[in-house]
Amino acid sequence: MLILVTGFEPFAGDGTNASWEAVRRLPDTLSGGPVTLVRRLLPVSFTRAPEEIAGLVDTLRPDAVVCTGLAATRTSVGVETTARNTMAARAPDGDGWCPQDLPVEAGAPQVLHTGLPVGRLVAAVAERGVPVSPSGDAGTFVCNATYFSALRSLAQTRPGPLPVPVPAVFVHLPPEGVLPTDRAVDALLGVLEECAAELWAPSDRTGTLRHGGARAALLRPVVLPLRRAPRIGVSGGIGTGKSTVTQVLADRGAVVADADDLARRVVAPGTEGLASVVDAFGTQVLADDGSLDRAALARLVFSDEQARGRLEAITHPLIARAARDVMRSAPANSLAVYDVPLLVETGMEDLFDVVLMVDAPEGTRLERLEARGLDRTDARARIASQAGVVERRAVSTIWVDNAGTREDLRGVADALVSAWLTR
């Protein structure tokens, strides 16, 4: 699960902005759940801030957006329920523009409302001892324009034919001299944790499915071809559980091309691939029986980026060709699945009708990798070397949060096949 959190840059000569000071001090993940926070700094600009948040929503497809801003006259945190399609400034923005009674977006509704439970958000902040109140008016300055754009953009990117509650909210923070930054961080954590609890609940209307500790979210509409098997790219970082998802798809009749298996096949004895690897790295990468000594090859390329590039230039085209042959063999009434760990890293997303990405909390991944016999330091290095949540989220059609048991993951994988991958 991903929540986008934004704050504003300093304005009118100020050295800091309370909203960004609080946002930048937030942790990257929330305790107690598979939630990743992506923090972004926005300009105090009627044109640029709404455009930037709309672009972030379109790219990341976050599960929720929490915008924060400074309210210079407030003495308590304000959780805003409503954004108006109006820009009316009392002073110029950071670009020197001072609009008067102009729409944020021509032709859009006059008001937009959050779909998050404001009462519960307020209560979560109050439980932390921070003064807070709900507010129905985000004003007409850049804060309001940004909030309106966030609500509008999220509504437009929600998949499915039904209107759904839009999971975005705006939080106004008092100046740092009134509410210290550490207390503002507490307030935002209360809002974020309540958002996560709300979004974790299963709901057909919001394009999510849940089974125990596993959750699947539909980030983009699924369009299945009629005359051939849909091509499904299954990916995810090491230790996330993608192999379990692939096995469920196979159990449902999918034809599966496994990148790891194909990587072994294309360098088997007697193949074009093995001959090319030996030409590039010498006979030192061969075992006594003439097969590839994978450990020896790994030692050569693991810390040598150029060597790794030479190896990938040999093997990646061979693996891709073998995977294409396997997927083409799938009957039209089945699924053609490619289980590929480095889908994002190798830019393969355009090859698929659906990109199904599996994610899990880092602590959970480390535990799983240690159970496989991998040293924790090595496990961290492996995770760090792969694409992160932001890069994976940007190309995904379906996102699976795997924070439960293997049976939880199997259950949600089976449900998503029935809900989204079956004609």
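The exercises that follow concern a predicted model, and each task is followed by a worked solution.

**Exercise 1.** Determine how helix α8 and helix α10 are oriented to each other, and which residues make the contact.

*Solution.* Begin with the axes: those of α8 (residues 272-281) and α10 (residues 305-328) come within 10 Å and cross at roughly 170°. Angles over 145 degrees count as roughly antiparallel, and α8 and α10 are therefore roughly antiparallel to each other. Next, list the contact, to which α8 contributes Glu272, Gly273, Ser276, Val277, Ala280 and Phe281, while α10 contributes Ala307, Arg310, Leu311, Ile314, Leu318 and Arg321. Sorted by class, these are seven nonpolar, two polar and three charged residues.

**Exercise 2.** Give the strand order of the open sheet of six strands, and find its edge strands.

*Solution.* The order reads β2-β1-β3-β8-β4-β7, and the pairing is mixed. The strands that pair on one side only are β2 (36-42) and β7 (132-135), which makes them the edges.

**Exercise 3.** Identify the residues with the most contacts inside the largest nonpolar core.

*Solution.* This core has 104 residues, and those with the most contacts inside it are Ile3, Val65, Val66, Val277 and Tyr338. Helix α5 (residues 181-200) supplies the largest share, eleven residues.

How values were computed. Residues are numbered from 1 along each chain as its sequence is written. This is a predicted model: local features need pLDDT of at least 70, side-chain atom pairs count only at pLDDT 80 or more; totals for chains, interfaces and linings use all residues. Side-chain values use heavy atoms; hydrogens and water are left out. A nonpolar core is a set of buried Ala, Val, Leu, Ile, Met, Phe, Trp, Tyr and Cys residues joined through side-chain atoms within 4.5 Å. Buried means under 20% relative accessible area, exposed over 50%, partly exposed in between (1.4 Å probe, protein chains only). Helices (H or I, at least four residues) and strands (E, at least two) are DSSP runs, numbered from the N terminus. Axes are lines fitted to C-alpha atoms, for helices over the stretch in contact, and angles run from 0 to 180 degrees between N-to-C directions. Angles under 35 degrees count as roughly parallel, over 145 as roughly antiparallel, 65 to 115 as roughly perpendicular and the rest as oblique. Contact means heavy atoms within 4.5 Å. Ala, Val, Leu, Ile, Met, Phe, Trp, Tyr, Cys and Pro count as nonpolar, Asp, Glu, Lys and Arg as charged, and the others, Gly among them, as polar. Two strands pair if DSSP finds at least two bridges between them.
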